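Dear colleague,

I am passing on the structure below, followed by notes on what was found in it. Please read the notes with the coordinates open beside them.

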Amino acid sequence: MMKQATLDRSRQTVDGMDPALKPRLKRRSTFEYVAWAVSILVGAGMLYSVATNPNFKWGTVAKYFTAESILRGLMLTIFLTVASMALGTLLGLLLAIMRASSVKPIAIAAGAYITLFRGTPVLVQLIFWFNISALYPNLSIGIPFTDIGTAIDTNALMGPITAALVGLTLNEAAYMAEIIRGGFSAVGKGQIEAADSLGMSGAMKMRKVIIPQAMPSIIPATGNQVIGMFKETSLVSVLGVAELLQSAQLIYARTYETIPLLIVASLWYLVMTLVLSYPQSKLEQKYSHTSVRIPRKSKKVTLTAPEGIAR
């Protein structure tokens, strides 16, 4: 009897995958067909309106889409995104380690930093760093309680691009610290105890055990932060930084073609978001713990014995 049951189960997987992994077929209802028809009609109507409305000035959009100043602004936006994410991730890792420290003053200091920068708007932070010279006109670097040192003009040091980079980096570090700390929490307690039993130091345990196992939780969330940072760089236009949005504003301030230039900036943001979304989705598929990966094509199983033994 058991041999027959084994044979029946094996025959179920001969021509395909395990029945438990097969996608379930769902019968389409009348409401779904109606919803599709309404969505297509509404979408077609909106596209027709956008395409035929002369106020959009699509010729002007095409003219400025690859303009030199727009492309320079796009390159500066990409630079701010990459630099802020790289520096913010490194600082966030340091903050996450400090937050997990057993030394209370260090953990409290990291927690205070994260609370401060996550609790205030990034636009306020950018304006604050741009005007930091009002608080500290000069920064002195040297040996305390001696005359050895030098003074730096803060107003000359904290230019628009520097203030934008500092503000975005410090703000991003607070969010990355929480993402990394969440990844640390996903590492099982048994793994840490096993590392302790092997006599690993704190740095080795962090490098060899905790960080590698936390990466599946950290990487997908970091991908979302990269996309958010790319769009967040538009805020630095208030500092006069000639990034993508500011470049468009400078042009329509001269030509008074506001809507077409805003469309140009929006299209570039959309294009870059789609470009960044593809590797992000691949990373999420690779590192996701919850997704069930169903093979596209199952390997055919050949039965070689009447007992149902497959090879």
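Helices (H or I, at least four residues) and strands (E, at least two) are DSSP runs, numbered from the N terminus. This is a predicted model, in which local features need pLDDT of at least 70 and side-chain atom pairs count only at pLDDT 80 or more, while totals for chains, interfaces and linings use all residues. Residues are numbered from 1 along each chain as its sequence is written, and side-chain values use heavy atoms, with hydrogens and water left out.

The protein chain has 12 helices and two strands, arranged along the sequence as α-α-α-α-α-α-β-β-α-α-α-α-α-α. Of its 311 residues, 31% are buried (under 20% relative accessible area, with a 1.4 Å probe and protein chains only).

Met 206 lies in helix α10, which spans residues 202-232, and counts as buried because its relative accessibility is 16%. Met 206 is in contact (heavy atoms within 4.5 Å) with Ile 97, Phe 184, Ile 211 and Pro 212, when residues up to four places away in sequence are not counted. Between Met 206 and Phe 184 there are 9.4 Å from C-alpha to C-alpha, at a sequence separation of 22 residues.

Glu 178 belongs to helix α8, residues 160-185, and is likewise buried, since its relative accessible area is 19%. With residues up to four places away in sequence again set aside, Glu 178 touches Arg 99, Ile 114 and Arg 118. The side chains of Glu 178 and Arg 181 are joined by a polar contact of 2.9 Å, a polar contact being a pair of N or O atoms within 3.5 Å of which, within protein, one must be able to donate a hydrogen and the other to accept it, and residues adjacent in sequence count only if both atoms are side-chain atoms.

Technical notes
Buried means under 20% relative accessible area, exposed over 50%, partly exposed in between (1.4 Å probe, protein chains only).
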